Amino acid sequence: MRQAIGYMFVFLCFPLIWILYSFIHSEILVASEFKEDLKEAIPLNTPVITSPIVLLDKDNRIFSEDYVEWRDPLALDSIPLFVQEVLIQSEDAEFYNHIGFNFSAIFRAVFANAAANASDQGASTITQQLVRLRYLSTEKTYERKVTELVYAYEMEKQSSKEEILENYLNEIYFSNQVYGIGAAATYYFGKPLSELTEAQQVFISAIPNNPSLYNPLENFEATKKRQELLIDILVKNDKISSEHGNTLKNEPIVLQTKTKTQLYPVYSTYVFDELKSLISASEGFQEKIESASNEQQAMLFKNELQTRVNQVISQGLTIHTALDPQKQKEDVVYIDRLLDKTKDLQAASVVINNETREIVSMFGGKDYRKFDFNRANQAVRQPGSALKPLLVYGPVFETTSLTPNNEISGGKLCISHYCPQNYGGAIYGDVSLKQAFRFSHNTPAVRLLQNVGIGEAFAKLEQFRFEHLVAEDHTFPAALGGLTNGVTVLEMADAYTGFIDGMYKPTHAIRKVTNKHGEILYEWKEEKVEVWSPKTITIMRDLLADVVVNGTGKGVHVNSAYVGAKTGTTNDYHDYWVTGLTETYTSAVWIGYDMPHNMKLIESKKIHHKIFNKIMN
């Protein structure tokens, strides 16, 4: 009878033995597959992690942040020992004693999983969790887990415990696209980790165990219960007293969730465009692109530049700019309201500080949203007569002995088949250069370009940063702003800074770019150069001021000791311009339609004059 019972017991245990054999056999096979991996060191390269980009205004205040993942990495010695202990005790109490994995925990998990015929039970150390974050998927298979052990062991060989813990604390996920304990502090409580109370530190430490379940924005109570469980673990392990634990549990938790700062979208959009140019100029890409032997090679260099820009951005940057936030806000509000009165009318403007030659304000279009088409630096339009000071009159006074009092014919003119006309088809006799400039007569301007010489005139224009000029522009229609492609508002404002004092330096929004350690990575290096002689500057400033008082610039009223401007109107009234300067600022204003059409009906409203008046005060 006893023997029969024995046989029956063995028979009943046979399925269990078979299950254990199958499990062990599969584990042996999997281990064999990784035999070669165990023989050779695994290169554990640090992955590229995208960090936030922060934009600062002229007073070093944040006005824009760009990130997909919110991160705020901290050195281990900047992370309070208390919060380190919380995560070690809750996630891996034997962290400082194991070799990357914990045998006793693994055996417990293996038998638990075998009994349940599953692979859900975990036994992951902090090292294994870091490995999984960096290199492996999260699928729950034995093959992946064996790989995880190999990688964890190798990581322990290649890194110190302190390095592993620091990386873990900076890379674990805290829900809501927040990574790292430092980022969790600033995201959920709006304060650095070092300024959080111990109760707050334990609260955010509750999240990584299950970021979906313990997302405090959706499941606050669940997160609070998990916090109290962690406090109980600290008490149980004699890390804190039970009295202290009760105090932590009873402390109210009030979240102050961070919102992404996204102010002044047109300015921040431009800053990213300029950052690419700055990297290109600083690292030699600009020279390569300009000297490329063909379009295919130029495109190759452009692709390399974009790759480099992406690499730089991923490291996390602080971009210091010249933005005047109050002025930017007021200018945008005013222009948006003004444009609301005329359906579909668009505008663009750029304001430059005369002293620093920096962009302090920009308008890129009505109701502008971040990364929209920026009409201030991307819209290429015909400049009309606003180009005359740069291409015609400046070169005239710079290269000849003519003065504003000299006379020139305002009558009919034909050069080969080109026969320009004055505004409204008017025909004049001899007029002074001052009168021709004041009323923007066309035939005198063409005659003056003929006098200077097209080559000489364009040599002066090419001192500036006009990126869309081509060889085909070297013709007489250019005297009236007739170009193959055109110019941008930024280019016009930039070039007019030469009339401040005869000195020119390309204008920029970016002052410097620093990394997360405050080290300067990039800054513009250009120096001022003389583009106009003192004689030319004196004459041109007088002529520009006369336009405002007596000429086409009537309607410009700015509270400044000096105001000078030049207007521009293109064929069929497709574009209206005002470009000029005061004692404080230089700017260019354009109004028009994205799909150009005649604006004669709104000419008398002088909308461009009104914009100029506002942004120059």
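Predicted model: local features only at pLDDT ≥ 70, side-chain atom pairs only at ≥ 80, totals over all residues.
Local features were considered at pLDDT of at least 70 and side-chain atom pairs at pLDDT 80 or more, whereas totals for chains, interfaces and linings use all residues. Residues are numbered from 1 along each chain as its sequence is written, and side-chain values use heavy atoms, with hydrogens and water left out.

The second largest pocket has a volume of about 1200 Å³. A pocket is an open set of points on a 1 Å grid over the protein atoms alone, where a 1.4 Å probe fits, with protein on both sides within 12 Å along at least five of seven lines; lining residues have an atom within 4 Å of a point. The volume is the space filled by probe spheres set on the points, which are joined across faces, edges and corners. Of its 31 lining residues, S277, Q286, E290, R465 and E467 are the closest to the centre. Helix 12 gives the most to this lining, with seven residues; helices are DSSP runs (H or I, at least four residues), numbered from the N terminus.

The structure holds one disulfide, defined as a pair of cysteine sulfur atoms within 2.5 Å. The sulfur atoms of C414 and C419 lie 1.9 Å apart, and their link is right-handed, with 115 degrees about the S-S bond.

In helix 19 (residues 454-461), the buried residues are I454, A457, F458, K460 and L461, buried meaning under 20% relative accessible area with a 1.4 Å probe and protein chains only. These residues pack against helix 16 (388-399) and helix 18 (442-452), contact being heavy atoms within 4.5 Å.

Key:
Helix = DSSP H or I, 4+ residues; strand = E, 2+ residues; numbered from the N terminus. Buried < 20%, exposed > 50% of the residue type's maximum accessible area, 1.4 Å probe, protein only.
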